[in-house]
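Me: I'd like to learn how to read the packing and the sheet in a model like this. Can you walk me through it?

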Amino acid sequence: MPKKSKMKTPDWILEGYDSKADWEKAYGVSSEKKKGKIFKIRECPKCSSDNVGLVLTNSDAEEGGGKEWECRKCGWIGTAISEKELTEEEFMKYLDEKGEEVA
């Protein structure tokens, strides 16, 4: 018969804090995750344009074939695409600077 484990009282209670948030603040610990959705933007490493796309060839079907990217602005082709992760607020600012319509 397996041994039942006992529950441990959380440290923040043992140390006399009123809430876990108070304990985390005192110790400089942050359990907060990034709030909101994360948006990924792929850019050309040569000219920093976001007008890039996958190159579709038969080599992708072969074993070991990698993803090749193509910049539609400067014509760069390669596998080392630059990728950025933006929060929703940063993404909206990015679209405003680019002049895109936001619905």
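Me: Leaving aside its neighbours within four places in sequence, which residues is Cys44 in contact with?
Reply: Contact means heavy atoms within 4.5 Å. By that rule Cys44 touches Ser49, Val52, Cys71, Cys74, Trp76 and Ile81. Keep in mind that this is a predicted model, where local features need pLDDT of at least 70, side-chain atom pairs count only at pLDDT 80 or more, and totals for chains, interfaces and linings use all residues. Residues are numbered from 1 along each chain as its sequence is written, and side-chain values use heavy atoms, with hydrogens and water left out.

Me: Which residues make up the largest nonpolar core?
Reply: A nonpolar core is a set of buried Ala, Val, Leu, Ile, Met, Phe, Trp, Tyr and Cys residues joined through side-chain atoms within 4.5 Å; buried means under 20% relative accessible area with a 1.4 Å probe, protein chains only. Here the largest one has six residues: Cys44, Val52, Trp69, Cys71, Trp76 and Ile81. A second, separate core of five residues includes Ile41, Leu86, Tyr94 and Leu95.

Me: And in what order do the strands of the open sheet run?
Reply: Strands of a sheet pair through backbone hydrogen bonds, either parallel or antiparallel. Strands are DSSP runs (E, at least two residues), numbered from the N terminus, and two of them pair if DSSP finds at least two bridges between them. In this open sheet the order is E2-E3-E4, with antiparallel pairing. E2 (52-54) and E4 (77-78) are at the edges with a single partner strand each, so one side of each has no neighbour in the sheet. E3 (residues 69-71) joins E4 over two bridges, and Trp69 stands opposite Gly78.

Conventions: Helix = DSSP H or I, 4+ residues; strand = E, 2+ residues; numbered from the N terminus. Buried < 20%, exposed > 50% of the residue type's maximum accessible area, 1.4 Å probe, protein only.
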